Amino acid sequence: MLYSFPQIVSLHRRTFSPALATTVLRSRLGFFITKRPKMTEPKSGRKESNEKARAEKAAKFAAKQAKLKQQTSTSQQPQPKKVPDALPAFQDLTPLGHKKLLQSFDSPHFQAYSPQAVESSWYAWWEKSGYFRPESCSDVESSAKFAIPLPPPNVTGALHCGHALANSLQDTLIRWYRMRGFKTLWLPGCDHAGISTQSVVEKALWKKEKKTRLDLGREQFTRLVWDWKDEYHQRINNAQRLMGGSMDWSREAFTMDEKLTAATMEAFCRLYDEGYIYRSSRLVNWCTHLNTALSTLEVENKDISGRTLLSVPGYEKKVEFGVLTFFKYPIDGTTETIEVATTRPETMLGDSGIAVHPNDSRYAHLVGKFARHPFTDRLLKIVQDTYVDPSFGTGAVKLTPAHDFNDYQLGQRHGLEFINILNEDGTLNGNAGQFQGQRRFDARYHVVEELTKQGLFVKKESHAMKIPLCEKSKDVIEPMIKPQWWVQMKGMAEAALEVVERGKVTISPETAKKSYQHWLSSINDWCVSRQLWWGHRIPAYRVIFDGEEASESAQSTWIIAKSPEEALSKAEAKFGAKQFRLEQDPDCLDTWFSSGLWPMATLGWPNTENSDFKQFFPTSLLETGWDILFFWVSRMIMLSLKLTGEVPFTEVYCHSLIRDSEGRKMSKSLGNVIDPLDIINGIDLESLHAKLRVGNLQEEEIARATKYQKSAFPQGIPECGADALRFTLLSYATGGSDISFDIKVMHAYRRFCNKIWQASKYILGRLPSGFVPNTSLDSSELSLPERWILHCMNCAVKGVNEALATREFSKSTKIIYQFFYDELCDVFIENSKAILSDGTPQEQASVQQTLYQTLDVALRLLHPVMPFISEELWQRLPRRQGDITPTVMLAPYPVFDTSLDFPADALNYELGLRCVQGIRSLVSEFNVRTNGCAFIKTSTADSYASVEPQMPAIKALCKKAISELKVIGPDAVGSSIPKGCAIFVISADIVVMVEVVASITDIDAEIIKLRSKLQKSRGTIERQQELMAHEGFEEKVSDVVRSAEKKKLADAEAATENYERTIEEFEKLSLAGAD
């Protein structure tokens, strides 16, 4: 079964207005034409009658089966179900990089749509021919340009559907602009992804060899990561090729290649020289598992409602969180104590003070005194500060300035000691006294035990809190004081806000723009130091003079230079004859620092005379996920403004995040991350399971992921192809909420590809040998159906161009689908069969030209979204004289043509289509299968003149159910229409009727059924009118809901009229029978 568009929309699991899906036959005409519903009561009222009908049908079937059993003396053996022959393996006969050798539609793999066969060969030919390069533009001197810097995927493994969505959106725009004559550049590349890549390689190293990076050493480990990068980089590029991305591979970049490394060093040195980069020992987010600092953006806060046991990397047993521990500190020199509370009892080993509120009378006598630490004998100063909430806990707050961001501020205000108790691996250092060497969460329990022994423990209470987790490792973050390199952000943030406010950079959707503005308005300085081996090593060299200690101190001298040679030269110039050596900072830069230079560095910056930089910078568009708006987008804008004086791009479009069919975030450990190649090629369930074991998942994670895969993909994932993948993802791209991804939708659009394929086969098969397309169509010679389809085509062209210009991707797919499926295939192609069979030679020749024109335009319209099938079919089209365009991707994109604008003719033809729909509705309602007789009754001369010429088309579209059709004018006598017809009201001037008396065995029972339906439809009218009369309905209800409710009312009113008219006809028949 091929899904209709409303069915596909419902599969999306999102609200879709029936008014948009079914109310309008042709909204593009500038007005609305309401479809009449089937002659049935509203959906909510059909349940009882449907159940009754099913019961009656089942009873009849049972009786029939019993009768057949009595008549049959011996049962026949069931015939085995015929299994279609499996297709032989597809063999691509085209040499790599050559133009595809087209195979006949009679070839087994081309009789129906086969993604593997259709998508073969084209990409290699496109790439080798240079069609992806901006130089392929038909007018190479064109000043119109469109450039997109591809958000570089992390070189950590396979792509996922989020990448596929981004690539589909970007490639659609690139191909659209290219076909419109723009000089286009889509610049690809990969990001080295410092933390992610190093973490993945370290896990793989341990899993394979039970070694750590420390066992290998920095140089050997870095070589191992480069090997990993080379392998996965190629996989990523191959996947992007299979998805059809028309990137200029000759300009491909990598964030650690020579060109981008030079740009990164230049940027750091310039920012340092201008005072924007500085070194400072400050509190940072420390991941003990990865042994590196993280930015706030790389920390996830997990909310817990109370006592919770959580898994922590490196701990076999789960650790307790969400508990407030109360204990007492002795007041020095007295027998008095002061009670405090904490969710991290182990941090009390680093306490250096206690704070109370100035107005809290309970502790006023203690301010200025000291508490004595029970384990280290340290004195803790008691201070007063308005920060303290007297109502929380005991009203007295323990202060650990070296391990808490709030306490850090209080420690600075009150001159407290900053005592670090943690080593980088999360064990306690010498400042922890008797607990030295213990792991932090082991010490959590041991501290409480020791407090209990000394009589200082009070109690525990469950307490809601946030747990800061490392985004990569899920380790619990520890605030620690570390000397790091920082970027001063306030001035750059103000400039980045200004360009958005002035419209030099547009951000959509509006929610993304507001988030951008909110974050930049409250930005903190950026820690760019990362304690990693994989990445850009910070170009900072510490000067160690002879006789000076090698360890860093606050007085250490640093030289910032782009290379060791430059650093030595600078140091010698500065320190003259002094004896020293240089030691480079072992840390690497935050990945987002080099990524923040991506748009300008990939085009040649800092060489602003580079031809690519001069031609394509600033770039046109950045398309990305809203989740990295702060990580990346804002930093690109800030760094570009600071280093080039220009914005890096003029438009930002943020797509939604893809979630699984249950609405959950994609996660490898859940098994719901879908590889786009598995959708393109198809994969069985066992192979999906096997892929889970290739990575670094734990056994319990593999078990959970396997369970999900069994429920979500019980039969595996069917082969859908890249075109169906792209079309589906664009149909999801509404610019609104997150996307719930469902493979059923994907497979439905794969069937749409087959519809395109079969329609194209039909049209090409109806063109005569030697057919030459006309350069233009003579509209005066066109029939009404031809003028209608050309008008629909013209409206679709206008609609798609407008949708892509405003980045309404989902709308563009709806328009394409409606034109190709609903209008071209379901109406005009069906209509053309009668003309090609029974029309005059002139009519046949005309409809052949029209079929060609619509298919040619449809394929060019489709190409940016579905590049493979559109190229495969377009290459099979005959060409107009003088047309030597080598590929559809360089063919002109269709534009609105005023000569094909036929609104009056389209309205006229729509009237005929509504008659077809009315007849089909009655045929379906009363189960008329073949040889039916239908009538169209017109009450005015104008309506008769509109409908009567369309009789052949109407009959053709009604298919075999109707063998006889009559159009009855306003002057016809009553006997022209037999009694016993079911009625469907089209308008005030037109009704259609179908003779159904032969299919009705009990006319009175049928009247009773219709009266029941009439009563329900009237009830629906009352309910809808009452609903819509509520105060505020027009103002407060959304357009989508308002349209849906109005549609329900219109449907009920139409059904009511149909029931009333049909009952009237049936009652005449009943009375006649009684006489």
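Helices and strands here are DSSP runs, numbered from the N terminus. With that in hand, let's look around this predicted model. The protein chain has 1075 residues, and 53% of them are buried. Its secondary structure comes to 34 helices and 33 strands. Take the contacts with a separation of 6 or more: 77% of those join residues 24 or more positions apart.

**The largest cavity**

- You'll find four cavities of 30 Å³ or more in the structure, and the largest one holds about 60 Å³ of space.
- Three elements each give at least two residues to the lining of that largest cavity: β9 (319–321), β10 (323–330) and α12 (440–453).
- Helix α12 supplies the largest share of this lining, with three residues.
- To spot the largest cavity in the structure, look for its lining residues Glu320, Phe321, Gly322, Val323, Thr325, Thr343, Pro345, Arg444, Tyr445, Val448 and Lys460.

**Helices α25 and α26**

- Helix α25 covers residues 784–805 and helix α26 covers residues 809–838; they pack at an angle of about 170°, and their axes are 9 Å apart.
- Angles over 145 degrees count as roughly antiparallel, so α25 and α26 are roughly antiparallel to each other.
- On the α25 side, the residues that meet α26 are Pro785, Glu786, Trp788, Ile789, Cys792, Met793, Ala796, Gly799, Val800, Ala803 and Leu804.
- Facing them from α26 are Phe809, Lys811, Ser812, Ile815, Ile816, Phe819, Glu823, Leu824, Val827, Phe828 and Asn831.
- Count the contact of α25 with α26 by class and you get 16 nonpolar, three polar and three charged residues.

**Helices α13 and α19**

- Another pair to look at is helix α13 (residues 490–501) with helix α19 (residues 629–644): their axes cross at roughly 100° and come within 9 Å.
- An angle from 65 to 115 degrees counts as roughly perpendicular, so that's the label for how α13 and α19 sit to each other.
- Met492, Ala493, Ala495, Ala496 and Val499 of α13 make this contact with Ile637, Met638, Leu641 and Lys642 of α19.
- By class, the contact of α13 with α19 has eight nonpolar residues, no polar ones and one charged residue.

Notes:
Residues are numbered from 1 along each chain as its sequence is written. This is a predicted model: local features need pLDDT of at least 70, side-chain atom pairs count only at pLDDT 80 or more; totals for chains, interfaces and linings use all residues. Side-chain values use heavy atoms; hydrogens and water are left out. Axes are lines fitted to C-alpha atoms, for helices over the stretch in contact, and angles run from 0 to 180 degrees between N-to-C directions. Helices (H or I, at least four residues) and strands (E, at least two) are DSSP runs, numbered from the N terminus. Angles under 35 degrees count as roughly parallel, over 145 as roughly antiparallel, 65 to 115 as roughly perpendicular and the rest as oblique. Contact means heavy atoms within 4.5 Å. Ala, Val, Leu, Ile, Met, Phe, Trp, Tyr, Cys and Pro count as nonpolar, Asp, Glu, Lys and Arg as charged, and the others, Gly among them, as polar. On a 1 Å grid over the protein atoms alone, a cavity is a set of points where a 1.4 Å probe fits but cannot get out, and a pocket is an open set with protein on both sides within 12 Å along at least five of seven lines; lining residues have an atom within 4 Å of a point. Grid points are joined across faces, edges and corners, and a volume is the space filled by probe spheres set on the points. Buried means under 20% relative accessible area, exposed over 50%, partly exposed in between (1.4 Å probe, protein chains only).
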